[in-house]
Amino acid sequence: MKEEAKPKSGTTIKIEEIEKEAEKIDLDELRRKYDSEANTRDLRGWYAAMVTVLAVALSAFHIYTSGFGLLLAIKQRAIHLAFVLFLVYILYPPKKKGVIETKVPWYDFVLGGLAAFAALYHVIFFNDIIMRAGLPTTMDLTAGFIGILLLLEATRRVSNPILPGIAIFFLFYCYAGRYFPAMFAHRGFNVMRIINHMYMGTEGVFGIPLGVSATFVFMFILFGSFLEQTGMGRFIIDLSMALAGWSTGGPAKVAVVSSGLMGSISGSSVANVCTTGMFTIPLMKSVGYRPYFAGAVEAVASTGGQIMPPVMGAAAFIMAEFLGVPYLKVALAAVVPALLYYFAVIVQVHFEASRLGLKGLPREQLPKIFPLLKAKGHLLIPLFGIIYFLLSGYTPLKAAFNGILLTVGVSFLNKETRMTIPKLKNALESGAKGALGVACACGTVGIIVGTATLTGLGLRIASAIIALSGGILIVSLLLTMVACILLGAGLPTTANFIVTSTMAAPALLQLGVAPMAAYMFVLYFGIAADLSPPVALAAYAGAGIAGAEPMKTGATAVKLAIAGFLVPYIYVFNPMLVLVGFEPIPYAVSIVTALLGVFLLGMGSIGYYKAEMAIWQRAVAIGGAIALLVPGLTTDIIGLVILVMMFLIQRKKAKAVVA
């Protein structure tokens, strides 16, 4: 496929043709290539029926406990992990490449059974473990050893070897101090103490990360699965088409809006690219966007969904637990950063369309907004319901439970969206399957958190970062950014956030950064890894659909997400953007200047406003953008002067071109 595409008027494009082209894309093959969690066995017969029963049972367990009361923390987490580990060993083969398996070998039944038993050990022998009060028996240690080993293998199967490898290194760190205390800065611990700490209590595997997975995260993934079964995905695309499809570069704006909304619900950037991108990427190419640009737009929009309130990704729930604040406070703090991120993308796709002369789609081909809302507008009620429940003081768990009930209830308002028995079964099954990767990552990363609490490693790393940076905040931020992106190249977003918030965020806190700003900083750059080459999975998935060169698509995605790389620095220096020290007037001023700064940033990035920009003009525009983004009256005035200057220069140049 050619990399370049000539601008088209858009008047001959037919939505039906785009949909036919989208149907030719092998979605399963794409997901298997770029989304490790999609590399499952293709089970048939009673194997498939067994998986369905187990997955539905797992979802039913969580719905019941969410609605009628959670079990004791360790029991809730143990049952959750037992289901997850058994399903992983049944669904995921040891090797990810080769012939797709249709049956489960006997040894995976054995491994899955052992893993489930090791997790349920806390439930079966709960009273005995409590009575022993931290004095484990040989049986306890054996169950713990088996549990840790099989959890690491399950995590490798569902994601990749990097996270289990990091966990093994941290386990070695706990032990090696016995022989090299000077090198490891602690005296070390024997195997019995390590297993007891990591598995028999709530400091390691069964710690806060798994606790969040076993409550909030699972229910919100299930909520998204129920919405998907009602046809929410197609409705969001149609609604985006009606709102923005007619404007300059409309298809790209459709991709930004629809993928942002779907990404907030799904929480997976790669999965979102592979679903909404099947329609939006061919649509963008059809009006003249270059293939690599179309793939990059979809990747950036899908990735940003993980920081888009109200649902956001799993990491936001863990952030709330770490900060000890209600989830609603995290969601509200994320509003302005998410707004700036998406505004930057919209600005850049608009300027790119203007530069290429790309028009929107003819209005007669687009859905009519009022008939669309009349037919399927009720599907928005659960989303507004979630916001209402959170604002009304409900816990996220109860809000998700009510949201699922609301989704089922409103689905009956239209025959097309009605939740039938098969759809209910599919929602329960796909929701459980979608939670497997997050649960394994949370359990494994608990080992890393456990190492920090056992050895004090987190504080030592924080001290090392401060020493390396000379105590200079901006240098510490740069080091933290690099660490987040490097870790994100191989870790799921949730695991990446937990590791960096445990190891790197304490350094920022010691340098006086507000906790909300510090944790939001590491969250943003953990997510940015999905766009940053060389392992930019979301961008590569977009390139696969677009038929574009992957590295070029990744580089373009980084450029489009430039606000995502700059804004975190801004709210570290101006934490009011994440509601720290909130004051209405300064807050409003900060938002306005930040939006103007992002506007200039997009202008300089694309190199076009009303006409082509010279290199020096782009450099000045980017400088003005940074001035507007940095808090302070002097910098704001400088930025505004540059903005006015760019407007006058570009208007004069545009008139000269017309003349």
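Predicted model: local features only at pLDDT ≥ 70, side-chain atom pairs only at ≥ 80, totals over all residues.
How many of the 19 residues of α4 are buried? The count is 16 of the 19, so helix α4 is largely enclosed by the rest of the structure. Residues are numbered from 1 along each chain as its sequence is written, and side-chain values use heavy atoms, with hydrogens and water left out.

**Figure 1. Helix α4, residues 73-91.** Helices are DSSP runs (H or I, at least four residues), numbered from the N terminus. Helix α4 has 19 residues and reaches 27 Å from its first C-alpha to its last, close to the expected 27 Å. The expected span of a helix is 1.5 Å times one less than its number of residues. Burial is assigned from relative accessible area (buried under 20%, exposed over 50%, partly exposed in between; 1.4 Å probe, protein chains only).

**Figure 2. Helix α23, residues 436-455, and the glycine that follows.** With 20 residues, α23 reaches 29 Å from first to last C-alpha, close to the 28 Å expected at 1.5 Å a residue. Because 19 of its 20 residues are buried, α23 is largely enclosed by the rest of the structure. Just after α23, G456 adopts a positive phi of about 75°.

**Figure 3. Cysteines C442 and C484, neither in a disulfide.** A disulfide is a covalent bond between the sulfur atoms of two cysteines. Here it is assigned to a pair of cysteine sulfur atoms within 2.5 Å. By this rule the count is 0 disulfides. For C442, the nearest cysteine sulfur is that of C440, 9.5 Å away. For C484, the nearest is that of C442, at 17 Å. C442 counts as buried at 1% relative accessibility, and C484 is buried with a relative accessible area of 0%.

**Figure 4. T494 in helix α26, residues 493-503.** T494 is buried, with a relative accessible area of 7%. Contact means heavy atoms within 4.5 Å. Not counting residues up to four places away in sequence, T494 touches A314, A315, I318, V438 and C442. T494 and A314 are 180 residues apart in sequence, yet their C-alpha atoms lie 6.2 Å apart in space.

**Figure 5. Packing of helix α14 (residues 269-286) with helix α29 (residues 537-546).** The two helices pack at an angle of about 40°, with their axes 9 Å apart. Axes are lines fitted to C-alpha atoms, for helices over the stretch in contact, and angles run from 0 to 180 degrees between N-to-C directions. α14 passes α29 in a right-handed crossing. A crossing is right-handed if the near helix is turned clockwise from the far one by less than a right angle, and left-handed if anticlockwise. On the α14 side, the contact is made by S269, V270, V273, C274, G277, M278, I281 and K285. On the α29 side, the contributors are L537, A538, A541, G542, I545 and A546. By class, this contact has 10 nonpolar, 3 polar and 1 charged residues. Ala, Val, Leu, Ile, Met, Phe, Trp, Tyr, Cys and Pro count as nonpolar, Asp, Glu, Lys and Arg as charged, and the others, Gly among them, as polar.

**Figure 6. T417 in the loop between α21 (396-411) and α22 (421-434).** T417 counts as buried, at 1% relative accessibility. Leaving aside neighbours within four places in sequence, T417 is in contact with T230, K376, H378, L379, S411 and K423.

**Figure 7. L372 in helix α19, residues 369-376.** At 10% relative accessibility, L372 counts as buried. Residues up to four places away in sequence excluded, L372 touches F235, D238, L239, P367 and G377. From L372 to N127, 245 residues away in sequence, the C-alpha to C-alpha distance is 57 Å.

Figure 8. G604 is buried, with a relative accessible area of 2%. G604 touches R618, A621 and I622, not counting residues up to four places away in sequence. The C-alpha atoms of G604 and Q617, 13 residues apart along the chain, are separated by 7.5 Å. L579 is partly exposed, with a relative accessible area of 28%. Although L579 is not a glycine, its phi is positive, at about 70°.
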